[in-house]
Amino acid sequence: MTYLENLFSLQSKVAVVIGGTGVLGSAMCKALARAGAAVVILGRRKEAADGLAKEIIRGGGNALGVSADVLDEKQLRQAHQFILEKFGSLDILINCAGGNIPGAVVQPDKSFLDLKLDDFEKVVSLNLSGTVLPCQVFGETLIEKKRGVIINISSMTAIRPLTRVVGYGAAKAAISNFTLWLAVELARKYGEGLRVNAIAPGFFLTEQNRTLLTNPDGSLTDRGQQIIRGTPFGRFGEAEELCGTLLWLCSDASRFVSGIVVPVDGAFSAYAGV
């Protein structure tokens, strides 16, 4: 193995990907497996997690599907124990779970006054608490070892607030802040072996946003056109384009990097529109 291959290798590492069955999460799971990690795909959809695990195994990787609700501490702790029994330890935690619901979105024909606070709180809980709680549960093993990597998933709306998605934007901004806070907390108390960073994806077509950005015939909606105009690369990202950054942050190639949020966005966050 060459120096560069060794630097980016995740051989013998165990990576837990929370919410790994979505478009972006699936690409991350496959990339981690190709880099040598044993990948645990954790989510509520056990059938989907098992299907992805089988696909990775057929490709020569090592993967396992595990079922748990990201907001259920008891289920997460049971999953944690199961993973430790199966693999003996864990080294990497990727918090990829999240989402949005209509009631936490201010539609074009509505105003902020119409926002449903219950739905706002649900979205904040799913995205923010659904990141903090796994960090607590799976972080126990990382803290005990004083070594490991946590990667959270932020968003463009944490960097440049987007119209309409008020609940989701607030939660993702909080995740960015939490990422920086946790990086300092763990490094100061447990040493440099524990690193925490986040990735802020630009605009990728996923199960959640496809109908918002594209029409049934594949053409762009008005919002999709606005996003493409605001992205200097002039296109949406492809899920695999997140994986280079992911592997860098998970490997020894970034061993002096902690407490950052990396945009992977085709220069969207850098563009002022003029």
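Colleague: How many aromatic pairs does the count come to in this structure?

Modeller: Before counting, note that this is a predicted model, in which local features need pLDDT of at least 70 and side-chain atom pairs count only at pLDDT 80 or more, while totals for chains, interfaces and linings use all residues. Residues are numbered from 1 along each chain as its sequence is written, and side-chain values use heavy atoms, with hydrogens and water left out. Rings of Phe, Tyr and Trp (for Trp, its six-membered ring) pair if their centres lie within 6.5 Å, and the pair is called stacked when the planes are under 30 degrees apart, edge-to-face when they are over 60, and tilted for the rest. By this rule there are two aromatic pairs. One of them is Phe-178 with Trp-181, a stacked pair with 6.4 Å from centre to centre and 20° between the planes.

Colleague: Where do Phe-178 and Trp-181 lie?

Modeller: Helices (H or I, at least four residues) and strands (E, at least two) are DSSP runs, numbered from the N terminus. Both Phe-178 and Trp-181 belong to helix α7 (residues 166-190), where they are three residues apart, about one turn of the helix. For accessibility, buried means under 20% relative accessible area, exposed means over 50%, and partly exposed is in between, using a 1.4 Å probe and protein chains only. Phe-178 has a relative accessible area of 13%, so it is buried, whereas Trp-181, with 48%, is partly exposed. The rings of Phe-203 and Phe-268 also pair, and because their centres are 4.9 Å apart with the planes at 70°, this pair is edge-to-face. It links distant parts of the chain, 65 residues apart, since Phe-203 is in the loop between β6 (194-201) and α8 (210-213) and Phe-268 is in the segment after β7 (261-264). Phe-203 and Phe-268 are both buried.

Colleague: What sits over the ring of Phe-268?

Modeller: A charge sits over a ring if NZ of Lys or CZ of Arg is within 6 Å of the ring centre and within 35 degrees of the ring normal. Here the charged end of Arg-160 is placed over the ring of Phe-268, at 4.4 Å from its centre.

Colleague: In what order do the strands of the sheet stand?

Modeller: Strands of a sheet pair through backbone hydrogen bonds, either parallel or antiparallel. Two strands count as paired if DSSP finds at least two bridges between them. In this model seven strands form an open sheet in the order β3-β2-β1-β4-β5-β6-β7, with parallel pairing. At the edges are β3 (62-67) and β7, each of which pairs on one side only. Taking β2 (residues 38-43) with β3 as an example, six bridges join them in the parallel sense, and Val-40 has Leu-64 in β3 as its bridge partner.

Colleague: Which residues cover the faces of strand β4?

Modeller: In a regular strand the side chains alternate between the two faces of the sheet. For β4 (residues 92-95), Ile-92 and Ile-94 are on one side and Leu-93 and Asn-95 on the other, and all are buried, so that both faces are covered. Strand β1 (residues 14-18) runs parallel to β4 and is joined to it by four bridges, with Ala-15 partnered by Ile-92. Four bridges also join β4 to the parallel strand β5 (residues 148-153), where Asn-95 stands opposite Asn-152.

Colleague: What is Thr-131 in contact with, leaving aside its neighbours within four places in sequence?

Modeller: Contact means heavy atoms within 4.5 Å. Thr-131, in helix α5 (residues 117-145), is in contact with Asn-95, Asn-152, Ile-175 and Phe-178, once those neighbours are left aside. Thr-131 is buried, at 1% relative accessibility.
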